[in-house]
Amino acid sequence: MAIKQVLKMGHPLLNRQADAISEFNTPLLKTLLTDMRDTMAALDGAGLAAPQIGVSLQVVIFGLEFNARYPDAEPVPQTVLINPTITAQSQQMAEDWEGCLSVPGMRGLVPRFTHIKYTGYTETGEWFDREVKDFHARVVQHEVDHLNGILYPQRMKDLQALGFEQDTFPPLKE
Ligand code: NI
């Protein structure tokens, strides 16, 4: 069990392009994934990118069965995604509220593509691709943005739609 500290907005590592993974099945990658899973579970997150725990590598994890932070969200399979690419399948975008463990206590209204294809590698180095929509597509775009040094406020069209949870939303149930 290794719950890591999550870097917060303003830390320069969160603004950096992460490096690709070149070797799979290494102790480094295994430890990184264990730390990421433990940290995400402890903080009740829907996703986490390696740079958020201070490791500038192209690794994200995400997945959601039921999560008190996102009570209305559709389920997303537990996924490890390494060296990802995203291709929009249509130009249609939709806005919805997002939160981020690196921007604690806040939510913002963020436009995202509603239909994407994404590709990448599993933790054992197998390539895969998926075509997904809506909330699943939103989660992937949010997490992959972390690998490109982008936090969700940078995607917002109107910063008036950025606010603290207790003012913008009813209190979260834990
Ligand atoms: Ni985030």
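Predicted model: local features only at pLDDT ≥ 70, side-chain atom pairs only at ≥ 80, totals over all residues.
Colleague: Which residues coordinate the nickel ion?
Modeller: The donor atoms sit at 2.1 to 2.3 Å from the metal. Along the chain they follow the spacing C-x41-H-x3-H.

Colleague: Where do histidine 142 and histidine 146 lie?
Modeller: The two are four residues apart. That's about one turn of the helix they share. The element is helix H2.

Colleague: Are histidine 142 and histidine 146 buried or exposed?
Modeller: The cut-off to keep in mind for the label is under 20% relative accessible area. Histidine 142 and histidine 146 both get that label: buried.

Colleague: Moving on to the second largest pocket, which strand and which helix each supply at least two residues of its lining?
Modeller: The lining includes Pro111, Arg112 and Phe113, and also Gln141, Val144 and Asp145. Strand S5 spans 106-113 and helix H2 spans 134-147. So with the elements taken as DSSP runs, the pair you want is strand S5 and helix H2.

Colleague: How many residues of each class are in the lining of the second largest pocket?
Modeller: That pocket has a volume of about 170 Å³. Ile86 and Met93 are among its lining residues, and so are Asn148 and Arg155. Sorted by class, the lining comes to five nonpolar, two polar and three charged residues.

Colleague: Is asparagine 83 buried or exposed?
Modeller: Asparagine 83 is found in strand S3, residues 76-88. Its phi is near 50°, a positive value in a residue other than glycine. Its relative accessibility is 17%, and the label needs a value under 20%. Asparagine 83 therefore counts as buried.

Colleague: What is the relative accessible area of aspartate 134?
Modeller: Aspartate 134 has its place in helix H2. Here too phi is positive in a residue other than glycine, near 55°. Aspartate 134 is partly exposed, with a relative accessible area of 45%.

Colleague: Which residues is alanine 94 in contact with, leaving aside its neighbours within four places in sequence?
Modeller: Alanine 94 is in strand S4, residues 93-98. It's partly exposed, at 32% relative accessible area. With those neighbours set aside, its contacts are Val110, Pro111, Arg112, Thr114 and Arg138.

Colleague: And how many Å apart are alanine 94 and methionine 36 in space?
Modeller: In sequence, alanine 94 and methionine 36 are 58 residues apart. Going C-alpha to C-alpha, the distance in space is 29 Å.

Key. Residues numbered from 1 in each chain as written. Heavy atoms only, no water. 1 Å grid on protein atoms, 1.4 Å probe; cavity = no way out; pocket = protein on both sides within 12 Å on 5 of 7 lines; lining within 4 Å. Points joined across faces, edges and corners; volume = space filled by probe spheres on them. Nonpolar A, V, L, I, M, F, W, Y, C, P; charged D, E, K, R; others polar. Donors = N, O, S within 2.8 Å, 3.2 Å for Na, K, Ca; no water. Buried < 20%, exposed > 50% of the residue type's maximum accessible area, 1.4 Å probe, protein only. Contact = heavy atoms within 4.5 Å.
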